[in-house]
Amino acid sequence: MLALFVIIVVLLLGLTLVEILSTGNEAVSQEVLGTRAFTAANSGMQAELQKLFPLNNIAGSCAAISNYDFSVVEGLTQCTAVVSCDDYATVDSVTYYRLESTGTCGSGAMAVDSKSIVLSSRTVIVEARSL
């Protein structure tokens, strides 16, 4: 009888430890996907700012919506960015822009009915002005 009690207590301790380790792994996965999504948002923002302010001093354009797919970029597989641009004011021939970039990363192929796929997104907003 005592042996059965000891086995049950050890089994419960083992199950608790497995649950704690599983929760820790899930948190790390979310953190990694969040970092990748933030990097995708920043990369999309940098690409859009480079279009808006090119180095050749020719005035760029502010596209309403631009989509970037980073599937072929190592470290950003299954990541995308959507960047919106709005030139919201012009004062004394200086144009003011507001750009918003949302990076999204997933842990696998995004099936509509999937319940095991983790999706993370981060948004970066930048305001800029012409010179």
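Which helix is leucine 15 found in? Select leucine 15 and follow the chain around it: you're in helix H1, which covers residues 2-52. Keep in mind as you click around that this is a predicted model.

**Stop one: a greasy patch**

Together with Leu15, they make a nonpolar surface patch of about 680 Å².

**Stop two: a pair within helix H1**

Next, show the side chains of lysine 51 and glutamate 48. They meet in a salt bridge, at 4.0 Å from N to O. Why might two such side chains pair up? Side chains of opposite charge can do so when their charged atoms come close. Both lysine 51 and glutamate 48 belong to helix H1, and they sit three residues apart, about one turn of the helix.

Are these two buried or exposed? Lysine 51 is partly exposed, at 42%.

**Stop three: a link between strands**

Now jump to arginine 98 and glutamate 127. Here's another salt bridge, and its closest N and O atoms are 2.9 Å apart. This pair links distant parts of the chain: arginine 98 is in strand S3 (residues 94-106), while glutamate 127 is in strand S4 (residues 119-129), 29 residues apart. Check the surface at arginine 98 too: this residue is partly exposed, with a relative accessible area of 35%.

How values were computed:
Residues are numbered from 1 along each chain as its sequence is written. This is a predicted model: local features need pLDDT of at least 70, side-chain atom pairs count only at pLDDT 80 or more; totals for chains, interfaces and linings use all residues. Side-chain values use heavy atoms; hydrogens and water are left out. Patches are made of residues with over 30% relative accessible area and no salt bridge: like charges are joined within 9 Å, nonpolar side chains (Val, Leu, Ile, Met, Phe, Trp, Tyr) within 5 Å. Accessible areas come from the Shrake-Rupley method with a 1.4 Å probe; for residues, only the protein chains shown count as cover. Helices (H or I, at least four residues) and strands (E, at least two) are DSSP runs, numbered from the N terminus. Buried means under 20% relative accessible area, exposed over 50%, partly exposed in between (1.4 Å probe, protein chains only).
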